[in-house]
Amino acid sequence: MADSKPLLSLDWDPVAAEALLRDVFGIVVDEVVWKGTRATEKVCEWKEPEELKQLLDLELRSQGESQKQILERCQAVIRYSVKTCHPRFFNQLFSGLDPHALAGRIVTESLNTSQYTYEIAPVFVLMEEEVLKKLRALVGWSSGDGVFCPGGSISNMYAVNLARYQRYPDCKQRGLRALPPLALFTTNECHYSIKKGAAFLGLGTDSVRVVMADERGKMIPEDLERQISLAEAEGVVPFLVSATSGTTVLGAFDPLEAIADVCQHHGLWLHVDAAWGGSVLLSQTHRHLLDGIQRADSVAWNPHKLLTAGLQCSALLLRDTTNLLKRCHGSQASYLFQQDKFYDVALDTGDKVVQCGRRVDCLKLWLMWKAQGGQGLERRVDQAFALAGYLVEEMKKREGFELVMEPEFVNVCFWFVPPSLRGKQGSLDYSGRLAKVAPVLKERMVKEGSMMIGYQPHGTRGNFFRMIVANPALTQADLDFLLDELERLGQDL
């Protein structure tokens with residue numbers, strides 16, 4: 001390919017550009033939307049890094065390539081990428097492919113605008129506010145603020161920054177000099193972005209005080225009270241509690257009402273990281289898991305996870321109505337946020353965020369919601385719960401599957417106990433040998449391309465699988481396959 005005749009630029013050739021894009025869209029529909037979602041196809045075609053580099057020919061050269069070669073590049077990229085839309089991709093908290101959301105993503109990328117001023121993104125400024133208003137209403141707020149962020153980690157970091165600014169507004173100008181030693185509180189089950197955020201914001205990871213969680217991974221409110229008292233006794237100022245609705249591994253929901261009581265008593269900002277579990281609010285059957293969330297000051301919610309809106313779609317929601325986001329993050333850049341514009345400058349939302357350029361993340365969710373309706377999305381959530389329940393019951397019928405615990409969400413955590421370890425739970429080396437099973441099975445399934453499931457150690461527990469039941473295209477047959485495939489892959493262990 002490298003020595004082929006260079007292609008004349010398509011920059012000023014709309015006919016050739018259209019032909020290229022039609023061909024690329026055709027490849028995407030055939031290879032991703034169609035084949036990528038078929039259970040009969042591979043989840044991935046695994047290659048070792050050096051081989052993959054050669055297959056992709058990654059080097060960038062001084063001369064361009066022909067349209068035929070560019071299309072071959074697109075096909076190769078798709079061929080060797082993991083198909084996260086595949087019904088047997090269980091590896092992450094996101095999976096599946098919603099066609100309406102994908103349509104929204106295509107339109108978003110094609111328009112290539114930035115969500116910072118009404119003058120260049122009028123449709124999306126209004127749309128974002130309407131979507132955020134709907135999400136806030138599901139939380140239980142009739143007013144408030146919010147913004148779409150580049151991932152739940154940034155939403156969590158924003159919440160910490162806002163809580164700090166609200167208590168110590170001088171820190172925006174004077175920095176850490178304006179602050180006493182601060183403490184925020186969460187459990188070891190929280191997302192790692194809480195500690196990352198503390199480090200990034202200059203608070204330091206030592207400022208994160210770990211609250212005990214119970215055996216199911218839920219924060220213990222009594223220990224939260226104790227940790228706050230300990231911090232105060234040390235001369236440290238508590239300012240925020242980060243609770244989790246849907247922990248990453250176990251899928252636990254912290255008891256928000258009791259935590260909110262503690263926060264109210266001590267005057268602390270309550271942030272709820274509902275990046276994973278927030279979509280449960282759509283379900284009348286299961287939304288009780290988030291009882292008390294309306295008492296939070298901020299909520300992180302990622303519709304790109306359980307709702308399948310597509311990466312990335314991450315909302316930070318605030319109960320605040322005092323323009324805290326803009327006061328905390330704004331810098332009034334005169335070349336963007338002129339105050340004498342011919343329209344209402346309150347529509348320019350760019351100063352609410354740390355970013356300047358900000359991609360449009362509302363259209364995919366808005367378009368999917370328009371197509372599915374709230375009732376359709378509710379059915380999607382309820383179906384995930386039902387299929388998780390089906391999987392648990394099927395595991396109980398088979399030898400060799402041991403649940404870590406009964407799930408309350410769609411995270412099904414379990415060990416596969418191979419034939420050589422069955423009945424040997426009392427042996428001294430049992431736990432160590434069992435911990436080696438998941439990595440071996442993971443390698444086998446990935447190299448065969450049959451499915452992908454995540455695994456991890458957790459506390460004193462050795463490696464176990466964390467199965468995520470979220471793809472709306474999932475069927476009971478896919479879950480039966482998962483059990484059969486683990487038995488097949490592990491029969492010689």
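These are my notebook entries on a predicted model.

**Conventions.** I took residue numbers from 1 along each chain as its sequence is written, and side-chain values from heavy atoms, with hydrogens and water left out.

Entry 1: I began with the record. The unreviewed UniProt entry annotates Lys305 as "modified residue: N6-(pyridoxal phosphate)lysine"; UniProt positions follow the numbering used here, feature names are shortened, and annotations may be inferred rather than shown by experiment. I located Lys305 in the loop between strand S7 (298-301) and strand S8 (314-318). Helices (H or I, at least four residues) and strands (E, at least two) are DSSP runs, numbered from the N terminus. Is Lys305 buried or exposed? Lys305 is buried, because its relative accessible area is 13%; buried means under 20%, exposed over 50%, and partly exposed in between, with a 1.4 Å probe and protein chains only. I then listed contacts (heavy atoms within 4.5 Å). Neighbours within four places in sequence aside, Lys305 touches Leu93, Phe94, Ala275 and Trp276.

**Entry 2: the loop between S7 and S8.** I checked the backbone here as well. The peptide bond from Leu311 to Gln312 is cis, with omega near -10°. Gln312 belongs to the loop between S7 and S8.

**Entry 3: strands S4 and S5.** I placed Val208 in strand S4 (residues 208-211) and Ser242 in strand S5 (residues 237-244). Val208 is buried at 8% relative accessible area, and Ser242 is buried at 1%. With neighbours within four places in sequence left aside, Val208 is in contact with Leu184, Thr186, Ile194, Lys195 and Ala198. Under that exclusion, Ser242 is in contact with Phe185, Thr186, Ile194, Met219 and His271. I also noted that the C-alpha atoms of Val208 and Arg177, 31 residues apart along the chain, are separated by 19 Å.

**Entry 4: helices H5 and H12.** Helix H5 (residues 122-139) packs against helix H12 (residues 363-396) at an angle of about 65°, with the axes 10 Å apart. Axes are lines fitted to C-alpha atoms, for helices over the stretch in contact, and angles run from 0 to 180 degrees between N-to-C directions. The crossing of H5 and H12 is left-handed, a term for a near helix turned anticlockwise from the far one by less than a right angle. Which residues of H5 and H12 meet? From H5, I found Phe124, Met127, Val131, Lys134, Leu135 and Leu138; from H12, Leu363, Leu365, Trp366 and Trp369. By class, this contact has 9 nonpolar, no polar and 1 charged residues; Ala, Val, Leu, Ile, Met, Phe, Trp, Tyr, Cys and Pro count as nonpolar, Asp, Glu, Lys and Arg as charged, and the others, Gly among them, as polar.

**Entry 5: cysteines.** I searched for disulfides (a pair of cysteine sulfur atoms within 2.5 Å), and the count came to 0. Cys313 is buried at 0% relative accessibility, and Cys328 is buried at 8%.

**Entry 6: positive phi.** Asn112 has phi near 50°, a positive value in a residue other than glycine. Asn112 lies in the loop between helix H4 (99-111) and H5 and is exposed at 66% relative accessible area.

Terms used: This is a predicted model: local features need pLDDT of at least 70, side-chain atom pairs count only at pLDDT 80 or more; totals for chains, interfaces and linings use all residues.
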